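Let's take a walk through a protein fold together.

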Amino acid sequence: STLTILGTTGARDFAGSGVVHMVGGLAALIGAAMVGPRIGKFNKDGTPNVIKGHNLPFVVIGTFILFFGWFGFNPGSTLAATDLRIAVIAVNTFLAGVTGAVVALYWTFARTGKMDIIMGCNGCLVGLVGITAAAAFVPPWAAVAIGAVSVLFLIATSHIVERVLKVDDAVGAVPVHFGGGLWGLLAVGIFSDGTYLGVKGLITGDVGQMLLQLVDIVALVVWVGLTFSLTFWIIKRTIGLRASREEELQGLDLPEHGIEAYPAEVLVEVPVEVRGANP
């Protein structure tokens, strides 16, 4: 915050693309790597299998709840509703989230002919993460661009985590939060137009802010990498990080809570005549 480069002082992260989302995403990556993959996630040749989610309507509802909460998260970071920039921040937040969802949906449609709602939800979230650092500093057209490019970071980070690093990220936390957070910090150095707090990016010819953002990224990666590697290592060496194989195969509802969410005795076989001629 006090470093000066080329006459520009202080890295900028308005509502936490870095200090909230990059931190959480990198911590999730380290934790997931130390916990290890779920049983059945990877084949012997290292190729990943898709483990289906629990409940798609819950995924969509949760995404809408998060989207709604972001209007407190980003505009609220002005710390005063008397700051009229709050209106621009709210608009930018909305535009980036919607753009991320639309781009993700059409990306899956172009590849498969179907619109993947889970990808759409993750696209929405990564767009929101991407705009979080820059929401106060960029014009609305830039918020659209930031939301769209966020999806590229989502896709690239997801591929690296699953295909290259072979880490089982069960809920896509690393692509959404680390990938989107990384892009959010960079976006400040690119799209800031100087209309709020004098923050300017490459579009105004200011190189200093981009260099400060890069310093911020390196500092976050080094600090979180060291502290969370140590934290998870201590937990793994003491109380342990994951359930036993037996507990995992049984499902954690019973060993953790003593009750099943979906008791086997209430599952009823549907008659053939109801299911149709081809059971």
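This is a predicted model: local features need pLDDT of at least 70, side-chain atom pairs count only at pLDDT 80 or more; totals for chains, interfaces and linings use all residues.

Start at the N terminus: the order of elements is β-β-α-α-α-α-α-α-α-α-α-α. The C-alpha trace spans about 70 × 50 × 40 Å along its principal axes. Of the chain's 279 residues, 38% count as buried. Now take the contacts between residues at least 6 apart in sequence: 71% of them join residues at least 24 apart.

**Two helix pairs**

Two packed helices are described by the angle between their axes and the distance between the axes. Here are two pairs to look at.

| Helix pair | Axis angle | Axis distance | Crossing |
|---|---|---|---|
| α4 and α6 | roughly 35° | within 7 Å | right-handed |
| α1 and α7 | about 40° | 9 Å | right-handed |

Let's take α4 and α6 to begin with. On the α4 side you'll find N122, L125, V126, V129 and G130, and they meet P175, V176, H177, G180, G181, W183 and G184 in α6. This contact divides into six nonpolar, six polar and no charged residues.

Next up, α1 and α7. Are they parallel or oblique to each other? With an angle of about 40°, α1 and α7 are therefore oblique. Residues of α1 in this contact include G18, V19, M22 and L26, while α7 brings in residues including I217, L220, F228 and W233. By class, the α1 and α7 contact has 14 nonpolar, four polar and one charged residues.

In soluble globular proteins, nonpolar side chains tend to be buried together. In this model, the largest nonpolar core has 36 residues, and F14, I131, F137, V138, I146 and F191 touch the most other members. Which elements give two or more residues to this core? They are α1, α3, α5, α6 and α7. The top contributor is α6, with eight residues. Apart from this core lies another one of 13 residues, among them W70, A104, L128 and L154.

To finish, zoom in on I131. Leaving out residues up to four places away in sequence, I131 touches N74, N92, T93, A96, V138, A143 and I146. Two of the names there, V138 and I146, also came up among the residues that touch the most other members of the largest core.

How values were computed
Residues are numbered from 1 along each chain as its sequence is written. Side-chain values use heavy atoms; hydrogens and water are left out. Axes are lines fitted to C-alpha atoms, for helices over the stretch in contact, and angles run from 0 to 180 degrees between N-to-C directions. Helices (H or I, at least four residues) and strands (E, at least two) are DSSP runs, numbered from the N terminus. A crossing is left-handed if the near helix is turned anticlockwise from the far one by less than a right angle, and right-handed if clockwise. Contact means heavy atoms within 4.5 Å. Ala, Val, Leu, Ile, Met, Phe, Trp, Tyr, Cys and Pro count as nonpolar, Asp, Glu, Lys and Arg as charged, and the others, Gly among them, as polar. A nonpolar core is a set of buried Ala, Val, Leu, Ile, Met, Phe, Trp, Tyr and Cys residues joined through side-chain atoms within 4.5 Å. Buried means under 20% relative accessible area, exposed over 50%, partly exposed in between (1.4 Å probe, protein chains only). Angles under 35 degrees count as roughly parallel, over 145 as roughly antiparallel, 65 to 115 as roughly perpendicular and the rest as oblique.
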